[in-house]
Amino acid sequence: MKKIANEFKTFITRGNVVDMAVGVIIGGAFTGVVNGLSNFILKPIINWILAMVLGKDGLSGVITPLSMSQQIDANGELVWKLNSVGKIALDANGDKIPVWDLANSIYIDWGSFISAIINFLLIAVVLFTIVKVINTVRANHEKMTNLVINGKVTKEEKKEMKALGYDFRSDADIEVYRAQKKADADKAAAEAAEAAAIERANNPTTEDLLKDIRDLLKNK
């Protein structure tokens with residue numbers, strides 16, 4: 001039992017599990033923001049425009065009837081569509097326009113289908129915009145970080161980079177150039193230290209001679 005508890009503790013404290021949990025929570029909140037912007041701001045504007053073009057019913061009236069049932073009121077009489085003055089509306093042929101009982105009818109609801117497509121496109125556009133803003137902010141942050149790390153390129157460095165074929169406007173080239181420059185400096189320092197050690201071995205100082213004598217006496 002203790003072994004299982006320890007394994008479970010190791011599992012839930014792993015970095016990737018914690019990151020995944022945080023990602024799920026933030027993703028849920030982010031979904032609410034995207035849906036809110038789409039449903040409460042952009043979608044009403046589009047529905048308002050469609051209502052002006054298609055009529056007050058907008059997309060809700062765009063259907064293809066297959067088997068329709070007319071709506072009946074509390075008195076058992078058929079319900080007819082009314083015009084703006086409260087009279088029964090007539091179509092182009094002079095016939096009464098019925099009010100359909102959609103709950104008991106069979107029809108193709110093109111309006112709901114088009115509305116779903118519009119909602120998908122709105123969410124996609126909003127999501128793309130938000131991600132683009134986040135990526136832009138992140139790119140600017142990385143650029144500023146590289147600028148702080150790399151520092152400003154001096155005139156001498158620009159000349160050297162140009163002679164070596166590097167672009168001093170490129171962060172990647174600056175990083176490679178300075179890494180090579182540091183490697184060359186480290187190599188030169190190591191060679192200088194080695195040469196100094198050889199020179200001192202060939203020309204020992206009084207201190208070196210005293211150390212050698214001390215070591216000899218200790219060995220005896």
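The following dialogue explains how to read several features of this predicted model.

Q: What is the average pLDDT of the chain?
A: pLDDT is the predictor's confidence in each residue, from 0 to 100. The chain averages 76, and 79% of the residues score at least 70. Local features need pLDDT of at least 70, side-chain atom pairs count only at pLDDT 80 or more, and totals for chains, interfaces and linings use all residues. Residues are numbered from 1 along each chain as its sequence is written, and side-chain values use heavy atoms, with hydrogens and water left out.

Q: How many salt bridges does the structure hold?
A: A salt bridge is a side-chain nitrogen of Lys or Arg within 4 Å of a carboxyl oxygen of Asp or Glu. The structure holds two. In one, Glu160 meets Lys181 at 3.9 Å, N to O. This pair links distant parts of the chain, with Glu160 in helix H4 (residues 155-164) and Lys181 in helix H5 (residues 171-202), 21 residues apart. Lys182 also pairs with Asp186, their closest N and O atoms being 3.1 Å apart. Both of these residues lie in helix H5, four residues apart, about one turn of the helix.

Q: Is Lys182 buried or exposed?
A: Buried means under 20% relative accessible area, exposed over 50%, and partly exposed in between (1.4 Å probe, protein chains only). Lys182 counts as exposed because its relative accessibility is 53%, whereas Asp186, at 43%, counts as partly exposed.

Terms used: Helix = DSSP H or I, 4+ residues; strand = E, 2+ residues; numbered from the N terminus.
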